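Colleague: I would like to go through the labels on this model and what stands behind each one.

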Amino acid sequence: MSKRVAIGCDPNASDLKDYIKSCLDEWGYEYTDMGSEDPIYANVAFKVGEAVARGEYDRGILLCGTGIGVSIAANKVPGIYAALCTDVYSAERAVKSNNANVMTMGAQTIGPIIAREMVKTYLQADWEPGTRSEPKVQAYVDYAKKHEA
């Protein structure tokens, strides 16, 4: 089953976002580009995060210069578990070990070939309930629920 993807970035990452969109087209993923014009990266991170949290999309991909800012911002959205990924292995484990529903990357720290493989791996990975990671993930899910406003 193809996952629905929300993607967005700040102006620093628009070229990499466009490249990733071409990869999504090639692979046949349904996606929505949620923008790249706003220099306040938190705004696009909230937009992508809220759409994923509402269930309109299965996964989100966010980019900024380093991926750090959009990761911090997206993680403020209840129900979002954004993971800053720096390599193919972290992209896989973001889902398999941490059930991340948003992947973040840095356009100034990762080249397009690695980004392509990271996105492909992230979208192909699935959360595996019942593994030794489940109680670890459940701990932060429970904490988030307990502290929701």
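Modeller: The largest pocket has a volume of about 210 Å³. The model is predicted, so local features need pLDDT of at least 70 and side-chain atom pairs pLDDT 80 or more, while totals for chains, interfaces and linings use all residues. Side-chain values use heavy atoms, without hydrogens and water.

Colleague: What makes a set of points a pocket?

Modeller: On a 1 Å grid over the protein atoms alone, a pocket is an open set with protein on both sides within 12 Å along at least five of seven lines, and lining residues have an atom within 4 Å of a point. Among the lining residues here are Asn 75, Lys 76, Tyr 140 and Glu 148.

Colleague: How do you classify Leu 84?

Modeller: Leu 84 is partly exposed, because its relative accessibility is 35%. With Ile 68 and Ile 72, Leu 84 forms a nonpolar patch on the surface, with about 260 Å² of accessible area together. Patch residues have over 30% relative accessible area and no salt bridge; like charges are joined within 9 Å, nonpolar side chains (Val, Leu, Ile, Met, Phe, Trp, Tyr) within 5 Å.

Colleague: What is the case for Asn 99?

Modeller: At 32% relative accessibility, Asn 99 is partly exposed as well. Its phi is near 55 degrees, a positive value in a residue other than glycine.

Conventions:
Residues numbered from 1 in each chain as written. 1 Å grid on protein atoms, 1.4 Å probe; cavity = no way out; pocket = protein on both sides within 12 Å on 5 of 7 lines; lining within 4 Å. Points joined across faces, edges and corners; volume = space filled by probe spheres on them. Buried < 20%, exposed > 50% of the residue type's maximum accessible area, 1.4 Å probe, protein only. Areas by Shrake-Rupley, 256 points an atom, 1.4 Å probe, with all protein chains shown as cover. Salt bridge = Lys/Arg side-chain N within 4 Å of Asp/Glu carboxyl O.
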